[in-house]
Amino acid sequence: MKQFLLALCFLSSFTGCKCQKENESDAASTSDVSSLTPAVMRLTPEQISKQIKDALDLDIGWTDQDGRFHDLLVEAYGVPLGGIDFVSAHKRDPIPKVQTLLLVRRIAYDVAAAVVWREARPDATGTILFQHCLVTEDYPGDDEDKDARWMAQLEDFYWRLYGRPPTEEEKSLVRSTAIEIMQREKWPPTVWTLTLYALLSSQEFWTI
């Protein structure tokens, strides 16, 4: 499992670097963008929570007996993630600290596991996000039909999380890593959990 997590961390770093290079290229040609600091361009905890809700239809929190919703991401991780309002977020260190990066990956894994288990568990009530494949049966590999459905679902998640389709290089990297995970774990939901973990850990998802 460790080697696959490392591979997926590499995937998230690959996607993040790609996005960063594009941002740097844009910044060189657009004065408004070049004036922004990294601290401003990183999402606040509230924005992260909203993005997860909008993209994955998942509330990270609970509703108390008075009907008030408590956002777990903001309440538990708001300060370590760099502040829960614009002023404190703006004054953050422009370079993320190690604890911030570790929290990002912790939240990414928890969210990925929740999204997959919501539809993979035996008592699941129906399809929410996995509209293109069967989450408990389809996986990439030699079966052309299963492979095609799995890749279609992957592209859907790219649109949901990044607002763009995956590049050919990204599709090849994700597919080959997913095949390795499936050979080891033998259960498609695990493949999806670790794949989504990599996508949610990417710099591209956590920045404006």
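Me: Which residue does Asp66 form a salt bridge with?
Reply: Asp66 pairs with Arg68, and their closest N and O atoms are 3.3 Å apart. A salt bridge here is a side-chain nitrogen of Lys or Arg within 4 Å of a carboxyl oxygen of Asp or Glu.

Me: What should I know about the model itself?
Reply: This is a predicted model, in which local features need pLDDT of at least 70 and side-chain atom pairs count only at pLDDT 80 or more, while totals for chains, interfaces and linings use all residues. Residues are numbered from 1 along each chain as its sequence is written, and side-chain values use heavy atoms, with hydrogens and water left out.

Me: Back to that pair: are Asp66 and Arg68 buried or exposed?
Reply: Asp66 is exposed, with a relative accessible area of 56%, and Arg68 is exposed as well, at 52%. Buried means under 20% relative accessible area, exposed over 50%, and partly exposed in between (1.4 Å probe, protein chains only).

Me: How many salt bridges are there in the whole structure?
Reply: A search of the whole structure finds 13. Lys53, Asp57 and Asp59 are linked in a network of them.

Me: What does Arg175 pair with?
Reply: Arg175 forms a salt bridge with Asp147, with the closest N and O atoms 2.9 Å apart. Arg175 lies in helix H9 and Asp147 in helix H8 (residues 144–162), so this pair ties together parts that are 28 residues apart in sequence. Helices (H or I, at least four residues) and strands (E, at least two) are DSSP runs, numbered from the N terminus. Arg175 is partly exposed, with a relative accessible area of 28%, whereas Asp147 is buried, at 13%.

Me: And which residue meets Glu170 in a salt bridge?
Reply: The side chain of Arg164 does, at 2.9 Å from N to O. Both Arg164 and Glu170 are buried.

Me: How many residues does H9 have, and which are buried?
Reply: Helix H9 (residues 168–185) has 18 residues. Just after H9, Lys186 takes a positive phi of about 65 degrees.

Me: New topic: how do H8 and H10 cross?
Reply: The axes of H8 and helix H10 (residues 188–201) come within 11 Å and cross at roughly 30 degrees. That makes H8 roughly parallel to H10. Angles under 35 degrees count as roughly parallel, over 145 as roughly antiparallel, 65 to 115 as roughly perpendicular and the rest as oblique. Axes are lines fitted to C-alpha atoms, for helices over the stretch in contact, and angles run from 0 to 180 degrees between N-to-C directions.

Me: Which residues meet there?
Reply: Those in H8 include Trp150, Phe157 and Tyr162, and those in H10 include Val191, Trp192 and Leu200. Contact means heavy atoms within 4.5 Å.

Me: Where is His132?
Reply: His132 is in the loop between helix H7 (98–120) and H8, and this residue is partly exposed, with a relative accessible area of 37%. Leaving aside neighbours within four places in sequence, His132 is in contact with Arg149, Ala152, Gln153 and Asp156. The C-alpha atoms of His132 and Ala152 are separated by 6.2 Å, although these residues are 20 apart along the chain.

Me: Finally, how many helices and strands does the protein have?
Reply: The protein has eleven helices and two strands. Of its 208 residues, 44% count as buried.

Notes
Expected span 1.5 Å × (residues − 1).
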